Amino acid sequence: MTLFDLGQRFVGGLREIPGSEHDPFIQWCFTKCGYGPDTPDEVPWCSAWLNGLCWLFRYPRSKSAAARSWLTVGRPIAIEEAHAAADVVVLKRGEGVQPGPTVLTAPGHVGLFAGLEDFERKVLVLAGNQGNTVSIQAFPVDQILGIRRLN
């Protein structure tokens, strides 16, 4: 089993709970980032989810809920080398011009590489907090800040 295989098990099943209740697994994932166990699942959780998976696999992790913190974990690889196993994709997030990969405090999104589509103009990302659930979504490749190999 790979990290990607484990992540796929959460697709469509792990999601935010509307209202005052919160998903206990998402809250547990936040504890792997230094947050308290009562952190609401409405707090952006893509990085927390990935930290939780990596903790279970004993892989390197960012220990931060900031998506761009993953730009310091593992080793950088080119998109041509990426495969769906334990490669992490870090993306820009937000409107307008966004800072590059040297700015770790800016908004971002992070998940596991799931492939390329649309003549390699889009990267597929398996991640938490995509539509308030775990899913695979496509993003333009020009949004990629970095791809990191964890193992």
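Modeller: D118 is partly exposed, with a relative accessible area of 34%, a class that lies between buried (under 20%) and exposed (over 50%), worked out with a 1.4 Å probe on protein chains only. This is a predicted model, in which local features need pLDDT of at least 70 and side-chain atom pairs count only at pLDDT 80 or more, while totals for chains, interfaces and linings use all residues. Residues are numbered from 1 along each chain as its sequence is written, and side-chain values use heavy atoms, with hydrogens and water left out.

D118 forms a salt bridge with R121, and the closest N and O atoms of this pair are 3.0 Å apart; the term stands for a side-chain nitrogen of Lys or Arg within 4 Å of a carboxyl oxygen of Asp or Glu. D118 belongs to the hairpin of β3 and β4, where 4 residues stand between the strands, and takes a positive phi near 55 degrees. F119 is placed in the loop between β3 and β4, and although F119 is not a glycine, its phi is positive too, at about 55 degrees. Most residues other than glycine have a negative phi. With a relative accessible area of 77%, F119 counts as exposed.

Two strands are said to pair if DSSP finds at least two bridges between them. Within this pairing, L116 stands opposite V123 in β4.

Strand β4 (residues 122-130) is mostly covered, as 7 of its 9 residues are buried. It is also joined by 7 bridges to strand β5 (residues 133-140), and β4 and β5 run antiparallel. A127, for instance, has S135 in β5 as its bridge partner. The hairpin of β4 and β5 has 2 residues between the strands, and G131 in that turn has a positive phi of about 70 degrees.

Q130 lies in strand β4 and is buried, with a relative accessible area of 4%. Leaving aside residues up to four places away in sequence, Q130 touches H109, V125, S135, I136, Q137 and F139, contact meaning heavy atoms within 4.5 Å.

A nonpolar core is a set of buried Ala, Val, Leu, Ile, Met, Phe, Trp, Tyr and Cys residues joined through side-chain atoms within 4.5 Å. The largest such core has 30 residues, and W49 is among those with the most contacts inside it. Two or more residues of this core come from each of α1 (3-8), α2, α3, β2 and β3, and α3 gives the most, with 6 residues. W49 touches, among others, L126, A127 and G128, as well as F25 and C29, again not counting residues up to four places away in sequence.

C29 is one of the buried residues of helix α2 (residues 24-31), together with I26, Q27 and F30. Seen down the axis of α2, these buried residues fall within an arc of 155 degrees, so they line one face of the helix; the arc is that of the directions from the helix axis to the C-beta atoms. The buried residues of α2 pack against α3 (46-57).

To return to the salt bridge from which we set out, a search of the whole structure finds 2 of them. R149 forms a salt bridge with D87, where the closest N and O atoms are 2.7 Å apart. This pair links distant parts of the chain, with R149 in strand β6 (residues 144-149) and D87 in strand β2 (residues 87-92), 62 residues apart. R149 is buried, with a relative accessible area of 12%, and D87 is buried as well, at 1% relative accessibility, whereas D118 is partly exposed at 34%.
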